[in-house]
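This report covers domains, a sheet and a chain-chain contact. Keep the structure open while reading.

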Amino acid sequence: MKPVGMCRMCLVEVEGVRGFPPACTTPVTDGMVVRTRTDAVEKIQEGVLEFLLINHPLDCPVCDRGGECPLQDQTLAFGPGESRFVEEKRHYEKPIPLSNMILLDRERCIQCARCTRFAEEIAGDPLIDFVSRGDRTQVLNFAEQPFESYFSGNTVQICPVGALLARHYRFKARPWDLATAETSCTTCSVHCRGAVQSSSNRIVRLLGVDLDPVNHGWLCDKGRYGIDWVHADDRVREPHLRVGGELREVSWPEALDAAAGEIRKVLRMHGPGAIAVLGGARGTNEDAYAWARLAKGVIGTDHVDCQMGDGLPAEVVLGVRRAEIDDCDRAGAIVVLGPDPREEVPVLFLRLRRAAKDLGVPLFDCTPVGGSLAPYAAHVARRVPGEPVGADVVELAARTARERGGPLVVVAGRPSVAEAPDATVRSIAAFGALDGVDVRVLSALRRGNVHGALEMGLAPGFLPGRVTLDAGREWFTQRWGGVPAGRGLDADGILRAAAEGRVHVLVLLGADPLLDHPDALLARRALEGVPFVVAVDAFRSESAARADVFLPCTVWGEQNGTVTNLEGRVQRVARRVAPEGTAMDDWRIASELAYRLGADFDLATVDEVTDEIAAVAPAALGATAALVRRARDGVVLPLREHLGEIVVRTRGLSILAEEGAGTSWDPIRAGGAAPAGAPAASGEPAPRTRRRRPVPARTRRRPRTRSSTRTPRASAPPTRPRCTSGTVRQAGPPRPRVTRTLCAS
Amino acid sequence: MSVEERRIVTRRLHERPEDSWTIDGALASGAYRVWREVLRTGDPAAVQEQVRLSGLRGRGGAGFPTAQKWSFLPEGRYPRYLVVNGDEGEPSTFKDRMLVERDPHQLVEGIAIASYAIGCNLAFVYLRGEFALGYERLTQAIADARSHGFLGRDVLGSGFDLDVVVHRGAGAYICGEETALIESLEGERGMPRIRPPFPAVEGLYAKPTVVNNVETLSTLPHIVEMGGEEYAKLGVNRSTGTRIFSVSGHVKRPGNYEVELGVTFRDLVFGLAGGIRDDRAVKFFIPGGASSQWLTGSDEHLDAPLDMDFVQQTYGVMLGSGAVMVFDDTTDPLLVAWRLAKFFAHESCGKCTPCREGTGWIEKVLYRMAHGMGRPEDLDLLFDVGDNISPGVVNAPFTQTTICPLGPSVVSSIASLHRYFRDEVQARVGVSA
């Protein structure tokens, strides 16, 4: 936000300048001498605070802000001990609603304009402004137009007094009673950093924390205020088992035995292909990893999908060259294919808006229907739903990016579930085929930890760490004792197979296909066609209500672990409250089931799971619990210092990962056709490692003209990957390569 | 009392009271002759030079040399705008209103000459909202000037384009402050901007902008006609030329009087305005609009010359907007101070804390004091609160803790109370002298 120079608290003396310039609006110059503690300046500070307090109600004992109030702090530090004001203070009705969520106590307002500046400059929702003059100056919304901004909660957080109040938090707690843990919000896949606060073992507030590469301190209201459900009355707090047609509360051993028993029976009678797992995008990376290991390593099924037919193929998400959010700020151009970021990944909208509006990055709005970014777009190119972006737009975007320099960032998600993902995939492919442009894709899949779940292998054909089933077969067989024989079904396929009676056990990992799958009818037939459903969930959703065994799991706020956002950034989420009832972490449930199926994961703490991921999942190499805990901004995978040990390959085309750039980029061709000149997919080159060498800071991807001539060095001798991380030691077969395959046909 | 008005800017409206505002009346008395000549000569720099030689200073209140203001425009940056400050909000000032209502063509001609001098093709007039008649006549004058070819595309075949837009204010005193005026003109809430950047560098729509007062611009045709040096012979010292003074209060003949600078307050009050009602004595008067500090009815003050620099340096008061408000010996200075404070508290835009809260506080205290509820410590309290808005207000040069001078304006009357009426006020709040 731009400095406004209103409060006059920071007036200082500057040598050679007459009067008292405000420090906040005065640029520093060479050799400037500034005095902040002269008698005159201190008198002004005391005077300003006295002014601010004459009409302030001083109702601190009943104010939400009392105890964490900048006005209190400033007064204590710089203010007068007593007021000389003996007149009647200004009075208003207290508080008045600005919207359903935000209340305003105008008596407390000190007119700093933080909220109005945020609403206009940051959120782009100028729905509140100053009204009236003099000491009647007040912030108000406009008549008949409530302050309905998706980001309104931020104004409550930045209000320096208790003028703006959240209906949700008002009178809930005193700041000194709050226990705080830093965590990330997992309402969508942006993973804004936040501080979750509890009082008496109840989560009462989530505050934004400034994480420079991600959220700049902001949260959306969905994330900020969507926390009550953790303690909702209808949380399922104990395991349940269907007895005589009804779900009955049972003990954990009974429930786990029942689930494991059924899985064992079905394995014996029908084989692993009769067991399928849907969901897993809700939990942590550790949950996803443990369930991937249970499903693929222990049970042996590849019918696993964390997306619900509403995302993009895993091959695309894991295979394209990923952009970081910060890339938008320095991009040559940004192309948004959909969805509307403000609806699905709100804080990413703030970042995109800032890049386009404040930093002048040309933004191409290529969503099929108009959205929130259109007013800031340099070009609006509406495409027909289901059709890819036109070649002219691709060329214009490429030319713009080339002329301005900087990467071309493509923001790609699923514009709507009514539209197959093909159009998006083909659009990405078109951008990927460009020459001389550094194209990076920013995934806009919205579901909480969907990127973490995909990276952990909760997708057909994949194993943890961005490797395909085939590429990782040897390595993971060694680590896990086995992997599925062939590629399994995605969510669509699983539901179809279930409807046809070919799935005998369906595990719902926080999944509600009846509500979430685009084809609700198919989901209904599927659930009717499955003889045994295991629900691992916190709520009895319509789908979970169909469960034969219901295993209550912990949720955000009750879990420790790591999550991966849409950039591939791994951050910690923290447990702030004890779980409701006897709810158990997903990874522990997986571990318990595995034990009952004869496999001992030997994982006692969540950190051990994180460390196992860091040791076995190639793209996550080195991302240990200790490292993630230490990293202030989280870590973006794969880790730069481990790049040399991870051979990134595409199907039939080996390209070394660039410094800090995630996986390498290679054009995706529609329909999965391999780039010309590349060997067929079946010609899997032998594993190879690359000798580590320092990566020059400005290494650029080699020109594509050369890359097509690069053939896999099949003759390279298999070597054990070297590992520099002190905490990770591997033995066994060579680490498989991180894989990006072409789009599934 | 022999002083006469020296009518330059007010000549036409006095000569043709029946039709001075019409195009025919104006043309008949020589309007646009100078403008035609300026265009024929085709030398903007020469106009600037004449204005520099004339020593013309802004008639809005601050008295800043007009030519110098123009010279701050950064070279080569276009478009640049001329904004005419017609908001005339200073209490008891009513000279611009007369000029707009009764001689709009003189203003239009001034705007045209100034625009030509600084290279502006689009001028804005920010007119006080209450000037309904002025708005009507000014827009008519602009329309007539355009139809006569004095405005519009290719003015009088010179190749110079000029359009004038009239914008009506919405009743905020603060919008007379040039940066708040610009904000308001842009459609924002009228609040002063932090300087730098100054309007000359980044003003309206972030373009180089000159803001000039109505009277200043109305003087321009005459300066160009007379020649700068000739104009500078009028007046006294650095206060050259004539100025219109709006005399009001307890005088027999309140009104606008154009006089040569250098005559005395006595000339104005007792000469032109006919003296005090019922022939009473002057207790005190406000020499330059409500923002100014006061002077008393002493001979020393009454015989002070109307010289901007002299009164500033000698008495710490300003000629400001040229509004002289006179109070006779029946007046309660506390009540006057309270009424002025009430105005400023009402008009404070709310941007800077000291002004937003301080003006209201001062108003409340003054109300108590003026209505028999004062406490002995109140005058010192007022003085210290005033000092927090305008540090060092008694010992000039004072500074301010606010962005614009509105906050310090409320302190002017307190400083005057303190300086001239301390004993009287103390007696009112229970302190014996």
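## Domains of chain A

The domain assignment divides chain A of this predicted model into four domains. Domain 1 covers 13-166. Domain 2 comes in two segments, 240-311 and 450-630. Domain 3 covers 315-443, and domain 4 covers 644-745.

How far apart are the centres of domain 1 and domain 2 of chain A? Taken over C-alpha atoms, the separation is 49 Å.

## A seven-stranded sheet in chain A

Chain A holds an open sheet of seven strands with mixed pairing. The strand order is S12-S11-S24-S23-S22-S13-S14. Strand S12 (246-249) and strand S14 (304-305) of chain A are the edges, each pairing on one side only.

Strand S13 (residues 275-279) and strand S22 (residues 505-509) of chain A run parallel. Five bridges join S13(A) to S22(A). One bridge pairs A:Val277 with A:Val507 in S22(A). Helix H16 (residues 491-499) of chain A packs on this sheet. H16(A) touches S13, S14 and S22 of chain A. The direction of H16(A) makes about 130 degrees with that of S13(A).

## The contact between chains A and B

Chain A gives 27 residues to the contact, and chain B gives 27 residues. On the chain A side, H1 and strand S5 (128-131) are the elements that give two or more residues. Which element supplies the largest share of that side? H1(A) does, with seven residues. By class, the chain A side has twelve nonpolar, eight polar and seven charged residues.

## Helix against helix across the contact

Two packed helices are described by the angle between their axes and the distance between the axes. Here the pair is helix H1 (residues 39-54) of chain A and helix H16 (residues 353-370) of chain B. Their axes come within 9 Å and cross at roughly 60 degrees. Angles of 65 to 115 degrees count as roughly perpendicular and those under 35 as roughly parallel. H1(A) and H16(B) are therefore oblique to each other. The crossing is left-handed.

Which residues of H1(A) meet H16(B)? They are A:Gly47, A:Val48, A:Phe51, A:Leu52 and A:Ile54. On H16(B), the partners are B:Thr353, B:Pro354, B:Glu357, B:Gly358 and B:Trp361. By class, this helix contact has six nonpolar, three polar and one charged residues.

Conventions. Residues are numbered from 1 along each chain as its sequence is written. Chains are lettered from A and ligands numbered from 1 in the order in which they are written. This is a predicted model: local features need pLDDT of at least 70, side-chain atom pairs count only at pLDDT 80 or more; totals for chains, interfaces and linings use all residues. Axes are lines fitted to C-alpha atoms, for helices over the stretch in contact, and angles run from 0 to 180 degrees between N-to-C directions. Helices (H or I, at least four residues) and strands (E, at least two) are DSSP runs, numbered from the N terminus. Angles under 35 degrees count as roughly parallel, over 145 as roughly antiparallel, 65 to 115 as roughly perpendicular and the rest as oblique. A crossing is left-handed if the near helix is turned anticlockwise from the far one by less than a right angle, and right-handed if clockwise. Two residues are in contact if their C-beta atoms, placed from the backbone, lie within 7 Å. Ala, Val, Leu, Ile, Met, Phe, Trp, Tyr, Cys and Pro count as nonpolar, Asp, Glu, Lys and Arg as charged, and the others, Gly among them, as polar. Domain bounds come from an automatic or database domain assignment. Two strands pair if DSSP finds at least two bridges between them.
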